[in-house]
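Dear colleague,

Please find the structure below, together with its sequence.

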Amino acid sequence: MSETEVLENIATNAVRRLRTETLVSGQPFMINVEGLPKNQCYLEYPDQTIQLVTFVQGKNDFIPIKNLGARDRDRLRKRLGL
């Protein structure tokens, strides 16, 4: 295993641990995905729901665009290995 692969594994494990800790603490976890506009991301909540949201600079807040259905949530988690 190359040094780059070792570092990628360390980073991936750290993000997974942070996700778990964030959700267990009752807070939403931000999921950034390539291909979304730069001001959009997903927020995953402790109840396992996921919303597509957009960040509004002037309000300094996220505005929901879409609640993902069960099938879309499963596909996203599978694609990201969550």
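Which residues are buried in α1? They are R19, T22 and L23, where buried means under 20% relative accessible area and exposed over 50%, with a 1.4 Å probe and protein chains only. The model is predicted, so local features need pLDDT of at least 70 and side-chain atom pairs pLDDT 80 or more, while totals for chains, interfaces and linings use all residues. Residues are numbered from 1 along each chain, and side-chain values use heavy atoms, without hydrogens and water.

The buried residues of α1 line one face of the helix, because they fall within an arc of 90° seen down its axis (the arc is taken from directions between the helix axis and the C-beta atoms). Exposed E3, I10, R17 and V24 sit on the face turned away from that buried side. Cover for the buried residues includes β1 (29-31), β2 (40-44) and α2 (70-80).

R19 has a relative accessible area of 16%. Leaving aside residues up to four places away in sequence, R19 touches F29, E44, R77 and L82 (contact: heavy atoms within 4.5 Å).

R19 is also among the residues that line the largest pocket. A pocket is an open set of points on a 1 Å grid over the protein atoms alone, with protein on both sides within 12 Å along at least five of seven lines; lining residues have an atom within 4 Å of a point. The largest share of this lining, five residues, comes from α1.

Kind regards

Notes
Helices (H or I, at least four residues) and strands (E, at least two) are DSSP runs, numbered from the N terminus. On a 1 Å grid over the protein atoms alone, a cavity is a set of points where a 1.4 Å probe fits but cannot get out, and a pocket is an open set with protein on both sides within 12 Å along at least five of seven lines; lining residues have an atom within 4 Å of a point.
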